[in-house]
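Please open the model in a viewer and keep the selection tool at hand.

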Amino acid sequence: MIDPENMRELPDDFDIAPVRLTIDLQALADNWRDMAQRSGQARTAAVVKADAYGLGIEDCGTALYEAGARDFFVAVAQEGVTLRAYAPSARIFVLSGIWPGQERLFFENDLVPVLASEEQLAFWMSVVAEYGDYPCALQVDTGFNRLGLRLEDALALAGDVSRPASFSPVLVLSHLHSGDSPEAASNRTQLEAFRQVSAAFEGIDASLSASAGIFLGDDYHFDLTRPGIALYGGEAVDGSKPLRPVATAEARILQIREGREGETVSYGGTHRLLRPSRLAVASVGYADGYLRSLSGSGIPLRQQIASGAHGFVAGNRVPVVGRVTMDLTIFDVTDLPEGAVRVGDYVELFGSNVALDEIARAAGTIGYEMLTSLGLRYERRYLYAD
Ligand SMILES: *Cc1c(COP(=O)(O)O)cnc(C)c1O
């Protein structure tokens with residue numbers, strides 16, 4: 001047997017990881033301050049649902065809290081429970097609200113439910129009747145038809161003098177469906193509807209805008225804004241310049257192969273080599289959220305969008321060739337000088353050289369889905385603010 005104690009020192013896990021993710025918490029904090037600046041007079045929350053868009057709620061939550069965020073939004077209660085340890089004196093709103101059986105979880109962790117339907121509201125009235133005063137928020141639907149009380153029901157609730165005194169909403173909110181299209185007429189329509197809500201609930205904070213809405217101007221800011229994607233370096237408004245990139249994903253090159261003219265590459269043999277080619281096989285696949293739809297050929301999306309994804313290595317953009325497989329992806333590095341790329345080098349999948357939204361478009365999706373699909377294999381390194 002070999003005694004591992006007697007071995008010489010090996011490289012750091014991050015330096016040899018098959019796939020790795022660098023998360024720049026300084027950029028995250030800067031992006032939050034940027035959104036706070038753009039939010040003008042309004043307070044600025046941070047949306048950290050889905051494990052902070054896949055980048056880690058513990059570290060991202062801590063960085064946002066230290067940057068000054070004191071209002072957080074999560075999708076489900078369990079995310080709020082995790083966040084509580086890292087954001088001790090913050091308000092944590094749970095966007096999906098509360099249902100019977102979750103009362104203790106909310107009270108113990110000081111979570112604020114965002115009530116979004118008549119049933120939830122009725123349940124909540126019975127909870128506060130039994131236990132007494134506890135904050136809640138109300139979501140009002142102004143045209144999304146996802147969650148939220150109907151406008152007329154919300155206005156009726158605001159005017160209902162018989163509602164129990166222990167019912168004490170601290171926030172009313174709504175959500176724009178086309179905030180990312182500044183020219184969409186629905187933005188004004190939803191704004192007008194939400195103004196009625198905010199007026200009816202006078203004295204209670206109001207919140208309408210996620211990242212995109214913040215760019216629509218002061219009218220849309222109300223008392224609290226709720227940026228998510230912009231904090232993580234994604235495009236908030238279609239085609240606009242994102243804030244600083246936060247995540248860099250990289251894959252290790254396992255092998256460099258010389259392919260001959262006429263040979264094919266990967267499953268289905270859908271990519272045929274038209275010249276002698278140098279191919280770099282990288283340790284990343286759709287199991288890592290490097291979606292199969294990023295393939296260079298052999299998938300239905302390539303009939304709509306001709307080009308697949310590009311990676312970045314040795315100062316150059318290199319295309320994916322053939323199909324992305326579960327654990328491996330092949331990049332064509334023929335155009336790079338011989339020896340420029342070596343086994344053990346890393347291909348950037350997205351980061352400061354390949355924009356998150358560029359590969360999202362190549363995959364036929366959005367940056368949000370790329371980030372929340374990253375999977376469990378990445379070795380993560382957090383860069384802390386100094
Ligand atoms: C996800 C979400 C946000 C944040 O949206 P971004 O587009 O990521 O800024 C804000 N509010 C609600 C209700 C959401 O569901």
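Begin by selecting F107, W124, Y131 and Y134, which ring pairs link into a cluster. Rings of Phe, Tyr and Trp (its six-membered ring) pair if their centres lie within 6.5 Å; planes under 30 degrees apart count as stacked, over 60 as edge-to-face and the rest as tilted. The model is predicted, so local features need pLDDT of at least 70 and side-chain atom pairs count only at pLDDT 80 or more, while totals for chains, interfaces and linings use all residues. Residues are numbered from 1 along each chain as its sequence is written, and side-chain values use heavy atoms, with hydrogens and water left out.

**Helix α7**

Next, select residues 118–131, which form helix α7. Helices (H or I, at least four residues) and strands (E, at least two) are DSSP runs, numbered from the N terminus. Helix α7 has 14 residues and reaches 20 Å from its first C-alpha to its last, close to the 20 Å expected at 1.5 Å a residue; the expected span is 1.5 Å times one less than the number of residues.

Which residues of α7 are buried? They are Q120, L121, F123, W124, M125, V127 and V128. Buried means under 20% relative accessible area, exposed over 50%, and partly exposed in between (1.4 Å probe, protein chains only). To see what covers these residues, display the elements that include α6 (103–109), β6 (111–115), β7 (134–141), β8 (149–150), α8 (151–159) and β9 (167–173). Contact here means heavy atoms within 4.5 Å. Just after α7, select G132, which takes a positive phi of about 105 degrees.

The structure holds eight aromatic pairs. One of them is F73 with F93, a stacked pair at 4.9 Å centre to centre and 20 degrees between the planes. This pair links distant parts of the chain, since F73 belongs to strand β4 (residues 71–74) and F93 to strand β5 (residues 91–94), 20 residues apart. F73 counts as buried because its relative accessibility is 0%; F93 is also buried, with a relative accessible area of 0%.

**The loop at S181**

Move to S181, in the loop between β9 and α9 (185–200). Is S181 buried or exposed? S181 is buried, because its relative accessible area is 19%. Leaving aside residues up to four places away in sequence, S181 touches N187 and D238.

Select Y53 in helix α3 (residues 49–53). Phi of Y53 is near 55 degrees, a positive value in a residue other than glycine, and Y53 counts as buried at 6% relative accessibility. Then select F222, in the loop between α10 (211–214) and β11 (224–225). Phi of F222, again in a residue other than glycine, is positive and near 50 degrees.

**The whole chain**

Finally, zoom out to the protein chain, with its twelve helices and 20 strands. Its C-alpha atoms fill a box of roughly 80 × 55 × 35 Å along the principal axes. Of the 386 residues, 52% are buried. Among contacts between residues at least 6 apart in sequence, 67% join residues at least 24 apart.
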